[in-house]
Amino acid sequence: MFINVLQEYLKKHKMSNMVAFVDPAIIGAIGCGTVGDRSRALSIRFKNAQPGQIFLLPYNSANHWTLTAVNPDSQMVYHMDPLKRRIAAEEWIEVVDNAIKLYKDKAKKFLKKKIMWENLAGVPLQNGSKDCGLFVMGYMKEICEDKELKFPEKWLRRMQVRLQQVQSSGFQSSRLKKTGSAGLDTEMGMQLSLLRNARLYTTKRYELCNKWLFRYEN
């Protein structure tokens, strides 16, 4: 449903040849067949890939949603997990890697020795235990709105800004240790401000996804 909304957005902004989607019902961990079945289904979806086109794969591993963005021609894969796990599950990596190999073999395109996976740092992270689907929707929306498809660099910059904020907070904290309760109050205020900003970002993400869904349903 939400994917249909994003497809309409891509069509309106003439970006359909830049971003495409894969139905999660053919690649999920449950009810979608073996690793080989899912790889073949995914390779067929890659069949008409345009040069540089990114395919968005919302993946459910039985109890958790993540997003994988694949450029099958360049053999580049980006992994986005709202729980900030360092790497995708081995089975999912096998599904995607085999799909790229099948696609290149059938299209008679050159296959590089290695398929590159990158865990995207800096993506917004979920706070609750049941929010993963909303965050994956948010990732897809941000990618679709990125007309230059520079989302990896954008999220990396976002992470660097957050690190600088934390480091600055720690530096100020060490300087304020000698100021007693006033210093402690200041340090707590800075930490609360950072938390407030993070929660505000999360809230906006929820509101944005809900707004798009409401517009589509009505």
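View 1. Ala62 counts as partly exposed because its relative accessibility is 45%; buried means under 20% relative accessible area, exposed over 50%, and partly exposed in between, with a 1.4 Å probe and protein chains only. This is a predicted model, in which local features need pLDDT of at least 70 and side-chain atom pairs count only at pLDDT 80 or more, while totals for chains, interfaces and linings use all residues. Residues are numbered from 1 along each chain as its sequence is written, and side-chain values use heavy atoms, with hydrogens and water left out. Look for Ala62 in the loop between strand 2 (54–60) and strand 3 (65–71); helices (H or I, at least four residues) and strands (E, at least two) are DSSP runs, numbered from the N terminus. Although Ala62 is not a glycine, its phi is positive, about 105 degrees.

View 2. Gln75 sits in the loop between strand 3 and strand 4 (76–80). Is Gln75 buried or exposed? Its relative accessibility is 0%, so Gln75 counts as buried. Gln75 also has a positive phi, near 60 degrees, in a residue other than glycine. Met76 belongs to strand 4 and counts as buried because its relative accessibility is 18%. Not counting residues up to four places away in sequence, Met76 touches Ala69, Val70, Asn71, Met116 and Glu118; a contact means heavy atoms within 4.5 Å.

**View 3. Ser43 in helix 2.** Helix 2 (residues 35–45) holds Ser43. With a relative accessible area of 4%, Ser43 is buried. Which residues does Ser43 contact, leaving aside its neighbours within four places in sequence? They are Ala99, Leu102, Tyr103 and Lys106.

**View 4. The second largest pocket.** A pocket here is an open set of points on a 1 Å grid over the protein atoms alone, where a 1.4 Å probe fits, with protein on both sides within 12 Å along at least five of seven lines; lining residues have an atom within 4 Å of a point. This pocket holds about 170 Å³ of space, the volume being the space filled by probe spheres set on the points, which are joined across faces, edges and corners. Eleven residues line the pocket, and Phe2, Ile3, Pro58, Met137 and Met140 lie nearest its centre. Helix 1 (2–12) and helix 4 (132–144) each supply at least two lining residues, and helix 4 gives the most, with four. The lining has ten nonpolar residues, one polar and no charged.

**View 5. The whole protein, and where to take care.** The protein has six helices and five strands, running α-β-α-β-β-β-α-β-α-α-α from the N terminus on. Of its 218 residues, 40% count as buried. Among contacts between residues at least 6 apart in sequence, 66% join residues at least 24 apart. The mean pLDDT, the predictor's confidence in each residue from 0 to 100, is 80, and 72% of the residues reach 70 or more. Over residues 179–203 the pLDDT is below 50, and this stretch has 15 contacts in the model beyond near neighbours in sequence. Residues 212–218 also stay under 50, with 14 contacts beyond four places in sequence.

How values were computed. Ala, Val, Leu, Ile, Met, Phe, Trp, Tyr, Cys and Pro count as nonpolar, Asp, Glu, Lys and Arg as charged, and the others, Gly among them, as polar.
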